[in-house]
Amino acid sequence: MISPPPPPASGLYTAAQFDLTPADRRVAAKLDRTCELGLFAAREASLNARLDSVNHSRIGVAVGTSRGPVGSWIDAFERIADKHRMRPTLAAAGSVASPSGAIVAAQHLGGPSLTVSATCASAAHAIVTAALWLNAGMADVVLAGGTEAPLNDFLLSQMRAAGLI
């Protein structure tokens with residue numbers, strides 16, 4: 001089992017601190033923190049389940065995320081405000097589907113793939129979706145779970161305004 005290193009002084013991990021493969025690092029470099037955390041969790045699950053011996057065309061990915069790649073959106077808004085050119089990778093990185101797409105790309109998987117956004121129940125919906133795919137014979141294995149990176153001023157301000165924190 002792999003595990004993350006001790007947290008840095010900031011309390012926030014980055015992709016560079018995880019035991020990611022070169023392929024994972026190339027994918028993560030183009031995406032935001034939500035995807036980085038999803039990539040690490042998927043890699044850990046794949047290693048622990050010994051999925052290297054499973055036909056990758058039959059491995060699916062079902063990921064839940066309530067907020068999605070908010071870091072990419074914040075970056076885009078800051079670039080617009082500062083009159084900078086938009087990054088070409090934003091079309092993919094800014095999509096709510098980017099967590100599942102990043103995992104599929106990094107691990108070269110060919111089964112069904114989906115990112116679910118259903119507020120607080122997103123990961124639960126992803127797990128139920130994975131079970132349905134398995135029962136329907138659509139995949140032999142499904143990496144399922146959730147990823148979130150909500151610790152930024154934008155989302156924390158929303159939570160404060162709603163009285164949630």
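**View 1. Ser122 in helix 6.** Ser122 belongs to helix 6 (residues 122-135); helices (H or I, at least four residues) and strands (E, at least two) are DSSP runs, numbered from the N terminus. The model is predicted: local features need pLDDT of at least 70, side-chain atom pairs count only at pLDDT 80 or more, and totals for chains, interfaces and linings use all residues. Residues are numbered from 1 along each chain as its sequence is written, and side-chain values use heavy atoms, with hydrogens and water left out. With a relative accessible area of 2%, Ser122 is buried (buried is under 20% relative accessible area, exposed over 50%, partly exposed in between; 1.4 Å probe, protein chains only). Apart from neighbours within four places in sequence, Ser122 contacts Gly64, Thr65, Ser66, Val116 and Ser117 (contact means heavy atoms within 4.5 Å).

**View 2. Strand 1 and its partners.** Six of the six residues of strand 1 are buried, so this strand is largely enclosed by the rest of the structure. Ile59, Val61 and Val63 lie on one side, and Gly60, Ala62 and Gly64 on the other. Strand 1 runs parallel to strand 3, joined by six bridges, and parallel to strand 2 (residues 113-116), joined by four bridges; two strands pair if DSSP finds at least two bridges between them. Ile59 has Val141 of strand 3 as its bridge partner, while Gly64 has Val116 of strand 2.

**View 3. The largest nonpolar core.** This core has 14 residues, and those with the most contacts inside it are Ile103, Leu109 and Leu143. Helix 2 (33-49), strand 1 (59-64) and helix 5 (98-107) each give two or more residues to this core. A nonpolar core is a set of buried Ala, Val, Leu, Ile, Met, Phe, Trp, Tyr and Cys residues joined through side-chain atoms within 4.5 Å. Not counting residues up to four places away in sequence, Leu109 touches His56, Ile59, Val61, Ile103, Val104 and Leu143.

**View 4. The salt bridge of Asp140 and Arg58.** The side chains of Asp140 and Arg58 meet at 3.0 Å, N to O (a salt bridge is a side-chain nitrogen of Lys or Arg within 4 Å of a carboxyl oxygen of Asp or Glu). The two residues are 82 residues apart, with Asp140 in the loop between helix 6 and strand 3 (141-146) and Arg58 in the loop between helix 2 and strand 1. Asp140 is partly exposed at 47% relative accessibility, and Arg58 is partly exposed at 26%.
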